[in-house]
Amino acid sequence: MRLREFWQLVDEVFGRVHGRALTSDLVLTALDGQTAAEALEDGAEPRTVWHALCDAMEISETRRFGASHRQAPPRR
């Protein structure tokens, strides 16, 4: 998953405004207490950050792909 795809999914699944707020404000235990934005800035893989964000928000596996994606990026 590329960074561009990460932000497209954030906008699609959470909505642009709410998604941007989540990525900058929600502290994620799975990312060692970082927000999604902090983890991305520190070089974390967008795919890892995406799954951590979706897990924290309890987004189902089918919903986290977005309408335009056939399947979610696999976890690593």
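This is a friendly chat about a predicted model of a protein.

Me: Hi! What should I know about the model before we start?
Reply: It is a predicted model, where local features need pLDDT of at least 70 and side-chain atom pairs count only at pLDDT 80 or more, while totals for chains, interfaces and linings use all residues. Residues are numbered from 1 along each chain as its sequence is written, and side-chain values use heavy atoms, with hydrogens and water left out.

Me: Thanks. How many helices and strands are there in the protein?
Reply: The protein has four helices and two strands. Helices (H or I, at least four residues) and strands (E, at least two) are DSSP runs, numbered from the N terminus.

Me: And what pattern does the protein follow along the sequence?
Reply: Reading along the sequence gives α-α-β-β-α-α.

Me: How much of the protein counts as buried?
Reply: Of its 76 residues, 38% count as buried. Buried means under 20% relative accessible area, exposed means over 50%, and partly exposed is in between (1.4 Å probe, protein chains only).

Me: What about the accessible surface of the protein?
Reply: That comes to about 4,700 Å², with 49% of it belonging to carbon and sulfur atoms. Such areas come from the Shrake-Rupley method with a 1.4 Å probe, and for residues only the protein chains shown count as cover.

Me: Let's zoom in. Is H4 mostly covered or mostly uncovered?
Reply: H4 is mostly covered, with eight of its eleven residues buried.

Me: Which residues of H4 are buried?
Reply: They are Pro 46, Arg 47, Val 49, Trp 50, His 51, Ala 52, Leu 53 and Cys 54.

Me: What do the buried residues of H4 pack against?
Reply: Their partners are H1, helix H2 (16–25), strand S1 (27–28) and helix H3 (36–41). Contact here means heavy atoms within 4.5 Å.

Me: Tell me about H1 then. How does it sit against H4?
Reply: The axes of H1 (residues 3–14) and H4 (residues 46–56) come within 9 Å and cross at roughly 20 degrees. Axes are lines fitted to C-alpha atoms, for helices over the stretch in contact, and angles run from 0 to 180 degrees between N-to-C directions. H1 and H4 are therefore roughly parallel to each other. Angles under 35 degrees count as roughly parallel, over 145 as roughly antiparallel, 65 to 115 as roughly perpendicular and the rest as oblique.

Me: Which residues of H1 and H4 meet?
Reply: From H1 there are Leu 3, Phe 6, Leu 9, Val 10, Val 13 and Phe 14, and they meet Pro 46, Val 49, Trp 50 and Leu 53 of H4. By class, the contact of H1 with H4 has ten nonpolar, no polar and no charged residues. Ala, Val, Leu, Ile, Met, Phe, Trp, Tyr, Cys and Pro count as nonpolar, Asp, Glu, Lys and Arg as charged, and the others, Gly among them, as polar.

Me: Now H1 and H2. How do their axes cross?
Reply: They come within 7 Å and cross at roughly 120 degrees. H1 and H2 are therefore oblique to each other. The contact involves Phe 6, Trp 7, Val 10, Asp 11 and Phe 14 of H1, together with Arg 16, His 18, Gly 19, Arg 20, Leu 22 and Thr 23 of H2. Its residues divide into five nonpolar, three polar and three charged.

Me: Last topic: what is phi of Asp 32?
Reply: Phi of Asp 32 is near 55 degrees, a positive value in a residue other than glycine. Asp 32 is in the loop between S1 and strand S2 (34–35) and is exposed, with a relative accessible area of 75%.

Me: And what about Glu 58?
Reply: Glu 58 is not a glycine, yet has a positive phi of about 55 degrees. Glu 58 lies in the segment after H4 and is exposed, at 73% relative accessible area.
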